[in-house]
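Have the viewer open while you read.

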Amino acid sequence: MDERQLGLIRAEKLAREILIFSRNLLLINLRFLDLAISQLSYQPFYEVSALAVDGHTLYYNPRYVLERYAVQKENILRDYLHAIFHCLFHHLFVNHLVHQGCWDLACDIAVENALNDLDLSMLTNARQGKGEKLIAQLKEELPLITAEKVYRYFLDRELSDEQLTELRQDFYADDHSFWYQPLKRIGTDL
C-alpha cells in the first residue's frame with residue numbers, strides 16, 4: 001500500500017470518527033430524535049462534495065468533513081442534523097417532474113429554519129446567520145415555512161437556475177443528487 005492510499009484510509013477513518021462523535025453529541029442533546037439520528041450508516045464517497053443522504057446511508061466526502069470540522073466543530077453537527085431533517089421531512093421522495101434547483105433550495109431553507117427554531121448553541125455556525133434575512137422575508141409572506149410552500153413561492157417567481165443556485169449557497173449543507181436517482185428495488189432490475 002502506497003503513502004497516498006494510506007493517507008486516504010486515515011482520512012476516511014478520522015472523518016468517520018468525527019461523524020460518530022457528532023452523532024453522539026446530537027443524541028445527548030436531542031434524545032427525542034434518537035431513532036432518526038441513529039438510523040444512518042456511514043459510507044465514504046468522493047463523488048459528492050459534502051454530505052449526502054439517501055434515507056439509509058450518510059455518504060460523506062472525508063476531505064469535506066475534516067475541513068469543515070477544522071474550521072468549526074459545529075459545522076458538522078449542523079450539517080449532520082440538516083441531512084437527518086431532510087429524511088424526517090421526507091424531502092428525499094421527489095416527483096420526477098419537480099424543478100430540482102427550486103426543490104433543493106426550498107428543502108434547504110425549510111431544514112435550516114427548523115434548525116434555527118431549535119435554538120441550540122451547539123448548532124450555531126456561519127451558515128445560520130447567512131440565511132436569516134431570506135428566512136425572515138419568507139416568514140412575512142408565508143404562514144408556515146415548509147419545503148412545499150417555499151417551493152411554490154420560488155416557482156411562482158420564476159427565478160433562473162443561476163438565481164436559485166446563488167440563493168442556495170447560504171443554505172447548502174449537503175448534496176441532493178441521490179434524491180433524483182431512480183429507486184432500485186431489491187430483486188428487480190427497475
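The side chains of threonine 57 and serine 41 are joined by a polar contact of 3.3 Å. Keep in mind that this is a predicted model. Threonine 57 sits in strand S3 and counts as buried, because its relative accessible area is 13%, under the 20% cut-off. Its neighbours, leaving out residues up to four places away in sequence, are Leu40, Ser41, Tyr42, Gln43 and Ala52.

Now for helix H3, residues 62-71. At its start, a side-chain oxygen of asparagine 61 comes within 3.0 Å of the backbone nitrogen of arginine 63.

| Pair | Atoms | Distance |
|---|---|---|
| Threonine 57 and serine 41 | side chain to side chain | 3.3 Å |
| Asparagine 61 and arginine 63 | side-chain oxygen to backbone nitrogen | within 3.0 Å |

Which residues of H3 are buried? They are Pro62, Tyr64 and Val65. Looking down the axis of H3, these buried residues fall within an arc of 160°, so they line one face of the helix. Arg63, Ala70 and Val71 are exposed, on the face turned away from that buried side. The buried residues pack against helices H1 and H4 and strands S1, S2 and S3.

Valine 65 deserves a click: not counting residues up to four places away in sequence, it touches Ala15, Ile18, Leu19, Leu51, Tyr60 and Ile76. Val65 is also among the residues with the most contacts inside the largest nonpolar core, which has 50 residues. Helix H5 supplies the largest share of this core, 10 residues.

How values were computed:
Residues are numbered from 1 along each chain as its sequence is written. This is a predicted model: local features need pLDDT of at least 70, side-chain atom pairs count only at pLDDT 80 or more; totals for chains, interfaces and linings use all residues. Side-chain values use heavy atoms; hydrogens and water are left out. Buried means under 20% relative accessible area, exposed over 50%, partly exposed in between (1.4 Å probe, protein chains only). Helices (H or I, at least four residues) and strands (E, at least two) are DSSP runs, numbered from the N terminus. The arc is that of the directions from the helix axis to the C-beta atoms. Contact means heavy atoms within 4.5 Å. A polar contact is a pair of N or O atoms within 3.5 Å; within protein, one must be able to donate a hydrogen and the other to accept it, and residues adjacent in sequence count only if both atoms are side-chain atoms. A nonpolar core is a set of buried Ala, Val, Leu, Ile, Met, Phe, Trp, Tyr and Cys residues joined through side-chain atoms within 4.5 Å.
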